[in-house]
Amino acid sequence: MRKSSRLITQFYEDRLSAVGLKSGQFSILKAVSFLKQTSNKELQGILVLDQTTLSRNLKPLFRDGYLKLSPDSNDARVKLISLTTQGKALYEKADPLWQKAQDDLEKKLGSEEVKNILTLADSFVKALAR
């Protein structure tokens, strides 16, 4: 399973390299784009990442100006993460590359195998996520 996970990650990262993103970074951009604003804790839960891994993936996105922090109006201790204009533009460039990778993977494996993999992955998340 670890070997297949690494191969799948590499498959997607090869396609995302055209825009300079790793798959984890793309997943963050996708989640933030969908949510509009989110907290670090919420991202951890949605992406099933520990704090260290999330921080490692967030750092270059903040550094390069794709994400920004703003205070939460309900809790001053919480900072909300959102896309900048540059972040939105990067996501819009990367999303078709990700979708093409999805389509290519389905062509290689067949739609039934992809469905089986997604079902298995969902089972893992339900069984193992904290």
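Mentor: A salt bridge is a side-chain nitrogen of Lys or Arg within 4 Å of a carboxyl oxygen of Asp or Glu. In this predicted model, the side chains of D104 and K100 meet in such a bridge, at 2.8 Å from N to O.

Trainee: Where do D104 and K100 lie?

Mentor: Both are in helix α5, 4 residues apart, which is about one turn of the helix.

Trainee: Why do such pairs form at all?

Mentor: Side chains of opposite charge can pair when their charged atoms come close. The structure holds 5 salt bridges.

Trainee: Which other residue forms a salt bridge with D104?

Mentor: R15 does, with the closest N and O atoms 3.8 Å apart. D104 belongs to helix α5 (residues 85-109) and R15 to helix α1 (residues 2-16), so this pair ties together parts that are 89 residues apart in sequence.

Trainee: Is D104 buried or exposed?

Mentor: Buried means under 20% relative accessible area. D104 has 16% relative accessibility, so D104 counts as buried. R15, at 24%, counts as partly exposed, and K100 is partly exposed with a relative accessible area of 44%.

Trainee: What about the salt bridge of D122?

Mentor: D122 forms a salt bridge with K126, and their closest N and O atoms are 3.0 Å apart. The two residues lie in helix α6 (residues 111-128), 4 residues apart, or about one turn of the helix. D122 is partly exposed, with a relative accessible area of 38%, while K126 counts as exposed at 65%.

Trainee: What can be said of the chain as a whole?

Mentor: The C-alpha trace spans about 50 × 35 × 20 Å along its principal axes. Of the 130 residues, 30% count as buried. The accessible surface comes to about 8,900 Å², and 55% of that belongs to carbon and sulfur atoms. The mean positions of the 22 positive and 15 negative charges are 5 Å apart.

Terms used
Residues are numbered from 1 along each chain as its sequence is written. This is a predicted model: local features need pLDDT of at least 70, side-chain atom pairs count only at pLDDT 80 or more; totals for chains, interfaces and linings use all residues. Side-chain values use heavy atoms; hydrogens and water are left out. Buried means under 20% relative accessible area, exposed over 50%, partly exposed in between (1.4 Å probe, protein chains only). Accessible areas come from the Shrake-Rupley method with a 1.4 Å probe; for residues, only the protein chains shown count as cover. Lys and Arg count as positive and Asp and Glu as negative; His and the chain ends are not counted. The place of a charge is taken as NZ of Lys, CZ of Arg, CG of Asp or CD of Glu.
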